[in-house]
Amino acid sequence: ANDYLHRKSTIDFYTAFYLWTKQHQIEIIEANYYFDTRGANHVKNAEKGSLESRNKLILNDTAFIAPDFIARINGDNRDYLFIAEIHRGADTKRLFKQLLWHASIAGEGIAQEKYDYNRGIKVYIALEKSELIPLIIKRIKETPELDGFRDMFLFTSLAAMANDFFGSWAD
């Protein structure tokens, strides 16, 4: 049930994102969900093409993250890399761990290299529970490992995003 609700929220996110891009004449160059895959189920060796998320961003031999949604878009003749995470529930520890992973990925330029993007990235986090947003922002400000990455994260609730996709984000 949890994956179903998470997948549904991710698709709802994309729907709001898509409508926003059309409203503002923004071209979607590429867009993938965490459940979009490449490879084959029957292949167990990663080097030979085992099944993996198209959004997989590899930090090292044992560490990776697969964001819920990644899109390359073009607006005003300028490309943007749009990375999003959908967070359901009240587990701020798990969410904060994801933010640390995103900071590591950004610090190493891994997403930028994979998507041939030479500027800084933003990670958009849509949460089921809006009351978590100020708690997470406070924790980001108190975490030295996130110095230099604080402006990378933007937050909204799933409900606010559905009403005003781009006007609802807070950092």
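Before I start: two strands count as paired if DSSP finds at least two bridges between them. What I am showing is a predicted model.

I'll begin with strand β7, residues 78-87. Its neighbour on one side of the talk is strand β6, residues 69-75, and these two pair in the antiparallel sense over seven bridges. Within that pairing, alanine 71 has phenylalanine 82 in β7 as its bridge partner. The β6 and β7 hairpin has two residues between the strands, and aspartate 76 there takes a positive phi near 55 degrees.

β7 also pairs with strand β8, residues 122-127, in the parallel sense, over six bridges. There, histidine 87 is bridged to leucine 127 in β8. Seven of the ten residues of β7 are buried, so the strand is largely enclosed by the rest of the structure.

Now the loop between α3 and β8, where asparagine 118 is found. Is asparagine 118 buried or exposed? Its relative accessibility is 73%, and the cut-off for exposed is over 50%, so asparagine 118 counts as exposed.

Next, the cores. The largest nonpolar core has 28 residues, and Leu57, Leu81, Leu99, Ile121, Ile140, Phe153 and Phe155 have the most contacts inside it. At least two residues each come from β7, α2, α3, β8, α4 and β9. α2 gives the most, with six. Leaving aside neighbours within four places in sequence, leucine 99 contacts Ile125, Ile136, Ile140, Leu146, Phe153 and Phe155. There is also a second, separate core of 20 residues, including Ile26, Ile86, Leu154 and Leu158.

Definitions and conventions: Residues numbered from 1 in each chain as written. Predicted model: local features only at pLDDT ≥ 70, side-chain atom pairs only at ≥ 80, totals over all residues. Heavy atoms only, no water. Buried < 20%, exposed > 50% of the residue type's maximum accessible area, 1.4 Å probe, protein only. Helix = DSSP H or I, 4+ residues; strand = E, 2+ residues; numbered from the N terminus. Core = buried A, V, L, I, M, F, W, Y, C linked by side-chain atoms within 4.5 Å. Contact = heavy atoms within 4.5 Å.
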